[in-house]
Each structure stands twice: as C-alpha cells, then as structure tokens.
Amino acid sequence: MPFLVMPFWVSLALRELRGGLAGFRVFLACLILGVGGIAVVGSMTAAIERGLAAEGRQILGGDASLSFTYRFANDNERAWIESQGQISEVADLRSMLARGDDRALAQVKGVDGVYPLYGALSLSNGGDLAPALAPTSGVYGLVTEPVLAERLGLSPGDRVELAGVPFDFRGTIAVEPDRISGGFALGPRVIALTEGLRAGGLLGPGTLFTALYRMRVEPGAKLEKIRDGFTDAFPEAGARWRDRNNAAPGLQRFVDRLGAFLTLTGLAALAIGGVGVGAAVRGYLGRKTKTIAALRAIGASAGELFAAYALQIALIGVAGIAAGLALGAGLVALAGPFLAERLPVPAEFAVYPRPLAIAGLFGALTAALFALWPLAQLREMRPALLFRDLNEGGTVRPRGGMLALLALLAATLGWAVIGLSGAPDLALWVVGAVAGAFITLRVMAWLARVAARHLAHACWLRHRPGLRLALGAIGAPGGQTGDVVLALGLGLGVLAAIGQTDANMQRLIRAQLPEGSPAFFFVDIQTDQLERFRSLITDVEGAGRIESAPMLRGVVTHLNGVPAAEAQIDPDGAWVLRGDRGVSYAAAPPPGAVITEGTWWEAGNASEPLVSFSAHEGAKLGLTLGSTITVNVLGRPVTARVANLRQIEWQGLGINFLMILNPAALAGAPHSHIATVHASPGAEAPIMRAVGRALPNVTTIRVRDQVTRVSEGLQDLGAATRWAAAALLMTGLVVLIGAAGTAAERQTGEAAILKVLGADRARILASFALRALILGALAGLVALAWGWAAAWGATRFVLDGPFVFQPGTALAVVLGGALLNLAAGLAFSLYPLRLRPARVLRRAAG
Amino acid sequence: MDQALIELEGIGLTLPSQAGDVEILRGIDLIVARGERVGIVGPSGSGKSSLLMIIGGMERASAGVVRVVGADLGVLGEDRLARLRRDNMGVVFQTFHLIPTMTALENVATPLELAGRRDAFDRAAMMLDAVGLGHRGAHYPAQLSGGEQQRVALARALAPGPALLLADEPTGNLDGRTGEAVADLMFRLADEQGATMVLVTHAPDIARRCSRILTMADGRISEDRAPIAGAAQ
C-alpha cells in the first residue's frame, strides 16, 4: 500500500516522541508559566482598555466635557455649549468638612439637577440623589464617601459644615459613575448641589475650583467638530476639552504603563524560563547521546539529526505555548466576572486575540533562542565525541550559520519586546537590563565554578570529603551552577533591587519631613484674611515660619506664539502643558530662590508681562531668556516674556511655582493665597482647630497626612511590584527544580560510590545539602550584588537621594536563595539515598 | 569454620522487572576462608556480579544468610553496611567509578577520610606510588587513561588495608596488556596486604591465578574447583 514517504528526520522525530513527555516537564512548565503570565496581563490590560473605551461616556459624565479653571463659563460660552445638546454643570473643589471640631479634607463636587448625564449614582441606603441634596428648611444636603462619614462619625441627619457653611449629612455614596475621571484627589468625595455651594459663597471669585460642562450630544455628532467649533468661537477661553474617547487619560496612561510593566515582568519570567528550556533540551539530548551516536555511526547526517530533534522540540514547544495561552485566557475568562465586580475600573472580559498572539510570539521566540544553542552543539559534535560523553560536548561552540541564527533570534525577540510591549522606552531598559543581567550572571557563574574548583583542592579541605565533594560539584563543567545562578540570580536580583529601592524610598520620604518641611499647606486664603491668618498661627505655641504667596492657576496655551499642542518639546516636559498649573506673582524673588539665568525684574516694573520660569522644565519646553509664553488665567490670555530661569527644589515641599509673573501681569485678577506653616508636631492640632474655627473657608492640607497617603500608595505599588517579582521567582523555582532533577542523576551515582566507600547516608545527605546551600547562597550574593547596583542607580539618579544599604533585605535575599535551592536540592536528594548501590552502579556501567 | 571470612547459606536473589520477577541467584552456598583468592567465572547473566554485590552488602539477598567478617549482613541497615565496607572491604569495578570532580589523590584519600584517618593523604600518596601513579596525583579521572583510572581505583580500594578485596571484572574495560598489568598489581598488592580476594572475571588467564575457581551458570554455582594448569590454553 503506497504511503506518503516521510523524510527520515520527520519519521525519527515522531518515533522519538512516542517515548512521552516525561523529560520535558520543566520545559513545559517554564513555557506555560511564562506565556500564561504574559497572556493574563495582556488580556487584563485589553479588558480594561475596552472597558474604559466602552464606558467612556459614563466615566466622563458626558459625550464631551469642557473644563474651566477658577471660573464658570460666561454667558456666551454657556449659550454655545448648551446649543450642542443637553448639558450638566459640575464644580470641583477642595474644602474642609467639619462636624464640631472634627475636620477632614474633602474633594467636593457641586452638581446640578441633571447630574449624572450618563450612568446612575446610587446611595448606600438606596435613596435618590436629588432629594438627598435638596434644601430642607433652608439647609442643603450633602452625601459623602463612606470613609469620610466613618472618619467624622456621621449619621444621616447630622449637621455638618463645609467651609463654614451648614449642610445636612444625608447619606453615603455607593456608586459614583464618573468617579475615576477626576484623577488624583487629596480627600474623599463629597457631593452637594452647586447652588448650595454658591449660596454659601464657596464658589466666589478667587476660590480654587474647576467648572466642568458635560454634554450629551446628538448621536452621530462629530466630537472633533464641536471641539474645533468651541476653540474657534472662544480662542481665549483657556478651557480644556475631553471626550468619551479619552475619558480618563491619566488612568489610561497608568493602565498602559502598568500593563507594559507587568508584561515586561512576564518577559523577564519567560527569560528565566528560557534557562529552564535550555537546560531541559540539554538534558534531553544528553539522555539521547547513545541513540544519536548510534544513528551517526550508521550514516545519519548531523543536519538530519539536528532537524529531527529541532522538530521534536518545536512540537513540544508549540504544545507548551498553546497550553500557556489556554491557561492565560482561561484564567482571565474564569476570574473575569469576579474581578469585574472588584476592580476600581471598568473592564470587559473576553478572549482578545492580539495579546494572546503577542504572548505566543514571545514564548516561541524565547523557546527557540534558548533551545537552539544545545541543538547547534549537537550538530557540531563528532560521533567519537558523542560516544564518549556529552559533557565534553558542552564545550563545543556552534559555527557561523548557527551563531548568526541565534543573533537573529535574539534581535527579533528584542525588537518584538520593544515594539509590542506598549512602552518602548521602558522595554528598551528592560531588554538592556535582562541582557546585561544574563551576561553578568553567566560571567559570575563561570567565576564561581573556577573558584569552587580551586577551593575544592585546598589543603584545609583535607579530611572534609563532604565539603570537597560539594565544591567539586559546584565547580564541575556541565553541572547545575550556571542554571542555578542564572535562574535564582535573576529572580532574587529583582527582589533585591525592589527591596533596597523600596526601603530607600520610604526612608527618603520619612526623612524629608523633619528636615525643614512645612507641617501644613493652607489654600483658599482670601486676601483680606491673610493678616488674620498670620496672627492666628503666630498665637499658637510651637508654630514656626509662615510663607505665603498669591495663588492662581492657568493653562499654558502658547510657547513662543506656537499653540502648545503643536510645539516641539521634550516629552518629559509634556506634563506642564497637560493641565492647569499654579501661577503666582511677586515683586521680589521668593526667599532662597536661585536664579540660573537672567535677572529679576525691578519692583514696580509695569512695562510688560514678565515671567520667571523653572529652569529644568523651561529647558524641556525649549524656553530661553526672551521666549514668550501665553498662559490663560481665568479666561484671559497673558503673554509674558521669560525674564529669568529659576532652579526649583521640588523635594523641599515648600511653595514652588513653575511660573511667577510680575505683579503688573496679573493686576486685578481675583485670587486667593496659599501658605505653608512650619510647626512642631504638638502644635499641629491647635493650628488646625484655630484656623478651622476662625477661617472655615480655608482648606487645610496636613503634609504628614498626605505623605502618609503617598507612602501608603507607594507601598501598594511596591507590593504589586513584589508580587510581580514573586512570579519571576516562581519561574526561577521551576528552573531550580529542573536543575535539581538533572543534578539528581549525577548525585545518584555519587551516592552509590560513596556508599561503597563506606559513607553513611547522613554524611552523603549533608554533602548534598551543603552543595545546595553554598550554590543557593552564592546565587543570592550575585543577585544581591546586581540588585544593589540597580537600587543604587534608581535611588541616586531617579529618586535623587543618598543610597543607604539595607542589611535586612540583603540578608533575606541571600538566605532566601540558599533555602530555596536547599529545598529544591533536598527534594531530589532523598531518592538517590534510598537506592542500593549495586543497582545504580550496574545501570551506570550498562 | 574459624577461618571463614565469607559464609553464604541458601542465597537467592529475585529482582523485579517489567516482564515480571527475574530469579538471578538460586540457592547459593559458599564459604571463603581468609587469604583465599576466589575467581568467579561463567557466561554473561549467570549471576557472577550479583553474587559479588551480595557479598559486599551492595545488594540484599532475597533469601538465605550472608555473613562477612562475622557480621550477618541481612540484619544490618544501609549505614551499618556502609561502615562495614569502610572498615573491611575494598571494591574495584569494571568501569572504575572514580569521583570525577576529585583528583586521583583525593579519590584514593576519600575512604581513609571517611574512616577518620589523620594520615589519609600520606597513605593515599603512598598507595598511588605503589600503583605507579605517584606523579599523577593532581590529575582528574578524565585526564587519565583507562588503565591509569583502574590503578587509581585499585589504590582506593586497598588504601584502608581491607580484609576483603572484591573486584568486578577489573580488566574488562582494558586492553590485554594493560589488563594484565592491572591484574599483576592487584594480586601483588593483595598478597602484600594479606587481603582475601573475590574476583569476577571473563579472563581465563586471570581466573587461573586464583586459588579457587567458581563457575556459575543460571544463578547457581555449577563448579567449585582449584585451577587446572594450562586449562586456559
């Protein structure tokens, strides 16, 4: 019966695969973990992106939104906006909510009767918003986030004061549909009617608030056309536009960056898994040495054998990748409904082909890269060498063509990572760091082997055969040292870097508070309240220096006459143009100001608007002395010439403005003042009470509270990063298990010989444990060295602070390495000890 | 028998295999006196090596009693067996079984170190000299020829001065001339140390040098005799 005749190498591959996948457990586990992890992260990111896009209207509170800083739209502007469809006016401001003497900072949202245009706000008691906010006996109602009600011990019906204006607390918010579009808030949410806030004078001229006009437009209306129409009609309005397609840009950026970071962490895990893949392929080919030697001896070419084994590994690799993708997609699909209810952002869980394809591509390229080296070695080995020992073949170097293929695979993987991860700049760093860590760890492993080989024969090791055997095994060529140092070194190194950086960051945050940082920021101080404010503070024992400055906010609209959106700037400076920024004016330079270029203006100079700009940010925006910058303040464009550039120390937590104008530039603009107050810890409560009672409209921001919040936020982020590093370590552990499994074959033989020579099992086990401990601790030390270097760089150059070595974290990393490797090693050492020497030696001889 | 170093009574060995249990040894009775040179010969699969392993406590008999240097091996645990070998036996294998990460000197010193001997390295150096490899002490097994590796293995086996030397086809992996040289060395050193020797071999010339030859077939001792001069030819 005629059959399609398969090439020899295909039939050989298929025959060899009949032996099962027993030797490929680690290979498969590494691929499944790595690919599955990347698939999970990619699918989650896609789900959140789709969720944000689908619920853009609800998040934004409209199809589009125009926001004005410190003012409501004027009649013409409002009429134009109303002509586009139904609108909802929302005011957003910070204020103090008080119940008696208990006060808390709150982010207040003033709403109208049609709020929300999209979605529904629900209260915890199930009631409606409108009656909860409506005035009763002349007193308006408000609702708060549960955390604020809890902090002030509020029950429905309690009388509270918002900036000194009485309100009734009517309940807590269960769901706020547009909650996440607001960005960073200094305090929990309070919602009241705008008319109530207005009636209480909370939205008067000079008050720091943002007015938002959300629009519901006709279906099919072109949002870009509306945006351009408003800009054309009111070019000087200084309003910011946002629409449903970009409802929460800050959140979108955060999700994208976090997704990219986690994808890159997954890739690092895959790189560690690659070590396991390489080791598994090497081990598999080692076990096949006799078969390969026999086939070479009877005429199979090196190329045919290479193709046959490459095909086997490719088929198993495809199975591993498919299983990883199924695991990733399956986990997301299973956990989707559970996560959707708990995530603070909307997400649409489904099977997204693109992230799965990317995960599969990363998996395939990594597996190919790491499997190719041992396969290429096989191709270069002479049959005589195969008959002797594959370990000798470990020193064989692949030739030109294979090296070129390896380089091409590495370059393709690097290109794919940088191009597809979604954060090319971050990816470039990660690719560089992983490649650097690989090379460093390989060199360290080689050094460790050489050192161990020499140490093993030192005179002081005489009469310590167990230790000599342990060091000999660490130094042996073809042993597990390289794989363990790489796998543990990468995983623990990331943990060490995170641990050291995190500890230094927390130390820097805490350490900065006692060193000349203010205890409070006070905002919304009206000009006529300034003197009273100063005397209130001065009267409190323990109060220190008070600094104040006029405070306005403005949107940068033009740089040197070019619209800000079109200006060519360094991306690092883009944040300056993204929202509204603090603006102040001063006749004289602020105390301690360092002018790096130009000179301060003469007091009383009113010839033209002048600005003192931050030197660092100015350079990013391409500003030099004489450049012009247009800032829209309260709807009025102010074009000022750069008179000087100032060095700003943001870390000092003092009053710092990117832009300080000369007084003439902002003459007549209604504004309030910001003040910083230094105080001893014991004086903080009396100061809060005194200002709260006498000047209830003034918003108090306690620096210690905000630093704690930031610190907690960083701890959360640190925890997330640590989890990601733990995933790395888990892959590392799989590789360790693989390496320990491979080592067990050698240990079985050693145990048998040692038993023949008279060693008891405790002694043999102690030697194996010693070997695992030394090797693990060594990997921990290597990890610590490069983790320390990375943390030093991050602390010194990113956090811009002095680095202090954290011995606790360091010890944990080294001990962790030793114990992890010990656990993996011991798990595989017990079996060889149980075997009778005769059977092991007979098998080895056969 | 007072002079008996090895006593085997009704030894049987059955090992499991995928095709079912395989009976390797059946009802072996044997007594070896101190100072004897016993050669075990027979076709492949007849049970020669298994018998040697049982005498060395490296395999447990499924049936019967094994007494070596007065100890009943059947009642000893793995660690007691290891210590018994350490104090009384030296073993040489066909495939040498040197520890690849140790030098020749360290390989020879290892059993002495395990026995806690302070002169382990001096004695090991002396034994390497005795086998003609005093100059190769710092070399690893992979850097030695097959004959040299077997001489190191012989030095390792005899370094502690064992009462019993067990050798499993010690010349099986060596060419004729090298094998002969190793055998000469083995017999000479065993004589010098007064060690009893049990030797498994396929080489008639080597078997003929023993004081007693056991022929095995199908798991049994089919013949137990003194060597016949010229039989090998």
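In this predicted model, four strands of chain B form an open sheet in the order β2-β1-β4-β5, with antiparallel pairing; strands here are DSSP runs of E with at least two residues, helices are runs of H or I with at least four, and both are numbered from the N terminus. Two strands count as paired if DSSP finds at least two bridges between them. The edge strands, each pairing on one side only, are β2 (22-33) and β5 (71-72) of chain B. Strand β1 (residues 4-15) of chain B pairs with β2(B) over eight bridges in the antiparallel sense, and B:Ile28 in β2(B) is the bridge partner of B:Ile11.

In chain A, the axes of two helices come within 8 Å and cross at roughly 155°, where axes are lines fitted to C-alpha atoms, for helices over the stretch in contact, and angles run from 0 to 180 degrees between N-to-C directions.

| Helix | Residues |
|---|---|
| α2 of chain A | 25-54 |
| α12 of chain A | 353-380 |

Because angles over 145 degrees count as roughly antiparallel, α2(A) is roughly antiparallel to α12(A). Residues of α2(A), including A:Gly34 and A:Ile38, meet residues of α12(A), among them A:Pro355 and A:Phe362; contact requires C-beta atoms, placed from the backbone, within 7 Å.

The contact between the chains takes 29 residues from chain B and 27 residues from chain A. On the side of chain B that touches chain A, α2(B) gives the most, with six residues.

Residues are numbered from 1 along each chain as its sequence is written, and chains are lettered from A in the order in which they are written. Local features need pLDDT of at least 70, and side-chain atom pairs count only at pLDDT 80 or more, whereas totals for chains, interfaces and linings use all residues.

Notes. Angles under 35 degrees count as roughly parallel, over 145 as roughly antiparallel, 65 to 115 as roughly perpendicular and the rest as oblique. Two residues are in contact if their C-beta atoms, placed from the backbone, lie within 7 Å.
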